[in-house]
Amino acid sequence: MREQTTRQAQDGLTPMGEGYLQETWATSEPEFLNMLQTVWKNIDKEELVALTRDLIRIPSVFRPNSPSGNEKHVAEFLTRYLEEEGFTVQTEEVAPNRPNVWAVMEGSPGKTILFEGHTDVVTEGDSEDWRYPPFEGVIEGGRIYGRGACDTKGNLAAAIMAVRAIKRAGQPFPGRIILCIPVDEEGLMLGIKQFIKAGHAEGIDGAVICEPEENQLCVTQKGALRISVRVQGKMAHGAMPLSGINPITRAARFIVAVEELEREEILKHGKDPFLGYPSFTPTIMMAPENAEPQINVMPAQALVALDIRTIPGQSHPEIIQMLKDCLVRLKAEDPLFEAELDVIEERPWTETPMSDPVVQSMTAAYIQTTGEKPYYNGVPGATDGTFLHSWAGIPIITTGAGNRLVPHQKDEWVDIEELETACKLYAATALNFLLY
Ligand SMILES: [Zn+2]
């Protein structure tokens, strides 16, 4: 049982696809379908490809010590691009040279939908390992290659092209469409946090998170808790261990206890249909933490870090309390046990009901775009949508082109046909959401 659940918990990508919506609707009103066709006619595949390549060619890996190592240049490019298209663009610096960009398109009074795609990308690693140069946007075999091709510059380009198509179609529509282009999604998500704190996310009724999900409709996201525990010991000669207090054996007791907590949480919450099992993974064990390790020296301190991933139904405060209780128990068994727990980062899980208008709208849009029913899934990690949902209370749905395993790897790519489908899907989602 333990073996099996652990392996499945690690396999967070397994799409379980709990069937389709029972009551899907996709309007067949001729007036709406005509409008949709007019909008789609304003989507140009070549321009979508060109914009994706332009974005890839402006490296935006966050490198704190490099003068150009941030999102500034890509943000400036997008500001110019959107202004030339007639959008009113706003920017706000989140950190030096790291500006958020957003544009608002106003129709008549109605609902508001937001499309979100981040400007930063993860490191290319060693570019010698790449078959294609990471920042050139090479096209081969119907794919665009480069860092950010699918995570998420391609999908950001698709969202921009979708909103631009609605603008160019020139037909009146009710409501507001916001293009939100924040920094630092791959880091601490400072961009979206700032966007929300500054009040820009107020009055938004639904958000589409543009990330590589194989155009599957992701309605849930795992939560994450990053915890550090410092176990305090007393340094001693390895030949005279009784004169010290060993933090390593004590840290080991904590790690074993965490494994038991994981088992209890799995038994209690079971398997999420989209996200699999929750997991409590020790990822760092360091002793000594800041001193030189030596085989004949018992260190003074040990550090254990946990990467905890949660599924809907689990409570983060309860988990933190369980871990603290565990430390209290270990101290009761051993008065020399001294440890301190810190929560480094907390990202709640999210769940958007199938009945929510943003899910219903994208479902209808998917059927109109592809002629097929959509496949539902969950996002195994956190995204900027995590904070739009948990801090701003906005219902979110995540989708976009790109194989789910490709982000952060070398030779990252996106399929051009799939990207065009994402673009049409975004445009159709906006219209379904605002008109129904
Ligand atoms: Zn991303």
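**Domain contacts, core and sheet in a predicted model**

Ten residues of domain 1, given as 10 in the contact count, touch seven residues of domain 2. Two residues are in contact if their C-beta atoms, placed from the backbone, lie within 7 Å. The model is predicted: local features need pLDDT of at least 70, side-chain atom pairs count only at pLDDT 80 or more, and totals for chains, interfaces and linings use all residues. Residues are numbered from 1 along each chain as its sequence is written.

Domain 1 covers 15-221 + 350-435, and domain 2 covers 223-347. These bounds come from an automatic or database domain assignment. Taken over C-alpha atoms, the domain centres are 37 Å apart. On the side of domain 1 that touches domain 2, strand β16 (residues 376-379) gives the most, with three residues. Helices (H or I, at least four residues) and strands (E, at least two) are DSSP runs, numbered from the N terminus. By class, that side of domain 1 holds four nonpolar, four polar and two charged residues. Ala, Val, Leu, Ile, Met, Phe, Trp, Tyr, Cys and Pro count as nonpolar; Asp, Glu, Lys and Arg count as charged; the others, Gly among them, count as polar.

Confidence was examined next. pLDDT is the predictor's confidence in each residue, from 0 to 100. The protein averages a pLDDT of 92, and 94% of the residues score at least 70. Over residues 1-22, pLDDT stays under 50. For that stretch the model has 29 contacts beyond four places in sequence.

The largest nonpolar core has 86 residues. A nonpolar core is a set of buried Ala, Val, Leu, Ile, Met, Phe, Trp, Tyr and Cys residues joined through C-beta atoms within 7 Å. A residue is buried if 20 or more other C-beta atoms lie within 10 Å of its own, exposed if 12 or fewer, and partly exposed in between; C-beta atoms are placed from the backbone. Ala158, Ala162, Tyr426 and Ala427 touch the most other members of the largest core. This core draws at least three residues from each of domain 1 and domain 2. Neighbours within four places in sequence aside, Ala158 is in contact with Leu48, Cys210, Gly400, Ala401, Leu419, Ala422, Cys423 and Tyr426.

Helix α5 (residues 149-169) includes Thr152. This helix is mostly covered, with 18 of its 21 residues buried. A cis peptide bond joins Asp151 and Thr152, with omega at about -5°. Just after α5, Gly170 takes a positive phi of about 70°.

Strand pairing was then traced. Two strands pair if DSSP finds at least two bridges between them. Strand β3 (residues 108-116) runs parallel to strand β6 (residues 174-181), joined by six bridges. Here Ser108 stands opposite Pro174. β3 also pairs in the parallel sense with strand β7 (residues 206-210), over four bridges. Leu114 has Ala207 in β7 as its bridge partner. β7 in turn pairs with β17, again in the parallel sense and over four bridges. Val208 stands opposite Ile397 in β17. In a regular strand the side chains alternate between the two faces of the sheet. Both faces of β17 are covered. Ile396 and Thr398 are buried on one side, and Ile397 and Thr399 are buried on the other.

Several loops carry backbone exceptions. The loop between β17 (396-399) and β18 (413-415) contains His408. Phi of His408 is near 75°, a positive value in a residue other than glycine. His408 counts as partly exposed because it has 13 C-beta neighbours inside 10 Å. Asp411 is found in the loop between β17 and β18. Asp411 is not a glycine, yet its phi is positive, at about 50°. With 16 C-beta neighbours inside 10 Å, Asp411 counts as partly exposed. Pro288 is found in the loop between β11 (279-286) and β12 (297-298). A cis peptide bond joins Ala287 and Pro288, with omega at about 0°.

Asn65 sits in the loop between α3 (45-56) and α4 (72-84). Asn65 counts as exposed because it has 5 C-beta neighbours inside 10 Å. Asn65 and Ile311 are 246 residues apart along the chain, and their C-alpha atoms are separated by 36 Å.
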